[in-house]
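Good morning, colleagues. Please take a moment with the sequence and the structure on the screen before I describe them.

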Amino acid sequence: MASTLVQIRVDEDLKNEAVGIFERLGLDLPTAFRIFLKKSVEERGIPFSMKVEKKVSLKDGKKAFLQLRREAKKKGLQGMSLDEINAEIRAYREEI
């Protein structure tokens, strides 16, 4: 099958951001674009969504940790040992 050159113009920031995402997915820009074209033809439309997990900032992580800590204190669970926590998790898993 013969190949052809496809050129597109995009905003440089958009390109750089997309390249960063594709690299995190293990793809280069040409490969990602070929995948998009092949799936578009197969699906006869916009084919799929490939997403990278949103990074959680240290600030957001601390905020979530402190919220969990407040909830644990409110429910009287703050003083539990690691063994007690693991026992609770095992018991919960057995219930499901």
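Predicted model: local features only at pLDDT ≥ 70, side-chain atom pairs only at ≥ 80, totals over all residues.

**Overall architecture**

The protein chain contains four helices and zero strands; helices (H or I, at least four residues) and strands (E, at least two) are DSSP runs, numbered from the N terminus. Read along the sequence, the pattern is α-α-α-α. The radius of gyration of the protein chain is 23 Å, well over the 12 Å that the globule rule gives for 96 residues, so the chain is more spread out than a compact globule. That radius is taken over C-alpha atoms, and the globule rule is 2.2 Å times the number of residues to the power 0.38. Along the principal axes, the C-alpha atoms fill a box of roughly 65 × 35 × 20 Å.

Residues are numbered from 1 along each chain as its sequence is written, and side-chain values use heavy atoms, with hydrogens and water left out.

How much of the protein chain counts as buried? Of its 96 residues, 4% do, where buried means under 20% relative accessible area, exposed means over 50%, and partly exposed lies in between (1.4 Å probe, protein chains only). The chain exposes about 9,500 Å², and carbon and sulfur atoms supply 56% of that area. Accessible areas come from the Shrake-Rupley method with a 1.4 Å probe; for residues, only the protein chains shown count as cover.

**The later helices**

Helix H3 covers residues 58-74 and has 17 residues; from its first C-alpha to its last it reaches 24 Å, close to the 24 Å expected at 1.5 Å a residue. The expected span is 1.5 Å times one less than the number of residues. Just after H3, Gly 76 takes a positive phi of about 75°.

Helix H4, residues 82-95, has 14 residues that should span 20 Å at 1.5 Å a residue, and its end C-alpha atoms are 20 Å apart, which agrees.

**Buried positions**

Which residues does Leu 27 contact, leaving aside its neighbours within four places in sequence? They are Phe 22, Ala 32, Ile 35 and Met 50, with contact meaning heavy atoms within 4.5 Å. Leu 27 sits in the loop between H1 and H2, and it counts as buried because its relative accessibility is 17%.

Ser 40, in helix H2, is likewise buried, with a relative accessible area of 17%. Not counting residues up to four places away in sequence, Ser 40 touches Gly 45 and Pro 47.

Side chains of opposite charge can pair when their charged atoms come close. A search of the whole structure finds two salt bridges, each being a side-chain nitrogen of Lys or Arg within 4 Å of a carboxyl oxygen of Asp or Glu. One joins Glu 42 and Lys 39, at 3.0 Å from N to O. These two residues both lie in helix H2, three residues apart, about one turn of the helix.

Lys 39 also forms a salt bridge with Glu 43, where the closest N and O atoms are 3.8 Å apart. Lys 39 and Glu 43 are four residues apart in H2, again about one turn. Through shared partners, the salt bridges join Lys 39, Glu 42 and Glu 43 into one network. Glu 42 is exposed at 55% relative accessible area, whereas Lys 39 is partly exposed at 26% and Glu 43 is partly exposed at 43%.

**A backbone exception and a nonpolar patch**

Most residues other than glycine have a negative phi. Arg 44, although not a glycine, has a positive phi of about 60°. Arg 44 lies in the loop between H2 and H3 and counts as exposed, at 79% relative accessibility.

Finally, a nonpolar surface patch of about 750 Å² is made by Val 6, Ile 8, Val 10, Leu 14, Phe 33, Phe 36, Leu 37 and Ile 46. Patches are made of residues with over 30% relative accessible area and no salt bridge; like charges are joined within 9 Å, and nonpolar side chains (Val, Leu, Ile, Met, Phe, Trp, Tyr) within 5 Å. Helix H2, residues 29-43, supplies the largest share of this patch, three residues. Leu 14 belongs to helix H1, residues 12-24, and is exposed, with a relative accessible area of 51%.
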